[in-house]
Structures are given as structure tokens and as C-alpha cells.
Amino acid sequence: MKLKSKLLFSGIFAAMIFGVVGCKTTDVDEKEAKKQKIKLEEINKKDAIQAENSAKKLAAGYFQAVRDENYELYIKGRPEEVQKNISRDKFKQMVNYYKKSNWKIVGKPRYLGSLNKHPFRDFLWGATVQADIKDPVTKKIKTRKTDTFFYMSMGKVDDKYLVFFFGDEGDYLRWQLRMINQLRRNRPTQ
């Protein structure tokens, strides 16, 4: 592997860690801060099957939650910090956007496999999505179907499998970029 690739992967890994754990100054004493910090454990080969089963169950719930507009089901299995970022209002906005464009998953999403991105494990589903899209030339609304990926990034904290991210490929890329930018903001200056 070339040096540039190694540096890129190292940077993404570090961004994911800093993005999950977070770096901020508080008035809490150091002992209390250590208690609050999330400690990610490795999902090793022994844990992989259990993590995969947990991921499949949670993902089925998330797909159903969007269909049924069930906020509680959508935030299930996520750390408290992530739950705070997915407010009821943000969830409602997402569901309304999907309704407006007549967005829906056609058939059942297909589980494709997982990637070990220490300390996370990313799980991947393929799904056919249908939505109404306005043709830029004719200005007519047309129903289009396309295949897309859905990603779940899972970590192990205190022997529990928690979901730090779940979304389609576009959201996943934006999440990765946010983690990288957060790392850059928190990096000490020289």
C-alpha cells in the first residue's frame, strides 16, 4: 500500500474516533470526564457474528421506522450522543422529505456484508429506491428507480453494540467528511 493511501486511511480512522468520542473542554473535573468518555472496544472475529446479527436486527428496525414514522424505533441502539443529534424534529423533516418526493424502498433491502474498520465494523445493504424526480428539461415529474447502498457503522461499548451511523451512501460520505473536518478543527496547531 502506498504511503498516501496509508495516511488517508489513518486520517479517516482518527477522524472517526475523534468524531465519536468528541473533544471539548468542560468544567467537569478530570475523573468525571474519564467516566463520560466513550471507550470503544474492538469487534473481533469472535464477536463478528453477534455484531452482524445485532446489525441486521437494528437495520430492519430502522428501515421499518422510516416507513412507519416511528422515531423511538429509529433511535434504538444508538449512543446517547448520537440520539441527541437525531432530534424528533430532524426525523420528522427527513420523513416529510421522503413523503414529498414519494421516496420508498422497493422490496426488501439485501444484506451484502461487512467491513472491519477498527474499532468500528461497517455493515452494508443494497436496496432499490423509488422516488419522484422532476425532469430538468421537460419539467415533468417522473418516477425513477435506482439501486443504492445503506451503511451502518457499529462500535462496541461496554459489551454492547451501538450504532454510530445509519444512512444511505450520500449521508455516509457526508458523515465521513464531518469526522475528518472535526479532526482538523481539534488538531493542535504547531
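How much accessible surface does the protein chain have, and what percentage of it belongs to carbon and sulfur atoms? The surface comes to about 13,100 Å², with 53% belonging to carbon and sulfur atoms; areas are from the Shrake-Rupley method with a 1.4 Å probe.

This is a predicted model, in which local features need pLDDT of at least 70 and side-chain atom pairs pLDDT 80 or more, while totals for chains, interfaces and linings use all residues. Residues are numbered from 1 along each chain as its sequence is written, and side-chain values use heavy atoms, without hydrogens and water.

Select the whole chain and colour by secondary structure. There are 7 helices and 5 strands, in the order α-α-β-α-α-α-α-β-β-β-β-α (DSSP runs numbered from the N terminus: helices H or I, at least four residues; strands E, at least two). Of the 190 residues, 36% are buried, that is, under 20% relative accessible area with a 1.4 Å probe, protein chains only.

Next, select Trp103, Val129, Ala131, Thr146 and Asp168, which lie nearest the centre of the second largest pocket among its 18 lining residues. A pocket is an open set of points on a 1 Å grid over the protein atoms alone, where a 1.4 Å probe fits, with protein on both sides within 12 Å along at least five of seven lines; lining residues have an atom within 4 Å of a point. The space in this pocket is about 300 Å³, a volume filled by probe spheres set on points joined across faces, edges and corners.

Then show helix H6 (88–100), strand E3 (120–134), strand E4 (141–157) and helix H7 (169–186), the elements that each give two or more residues to this lining. E4 gives the largest share, 6 residues.

Technical notes. Buried means under 20% relative accessible area, exposed over 50%, partly exposed in between (1.4 Å probe, protein chains only).
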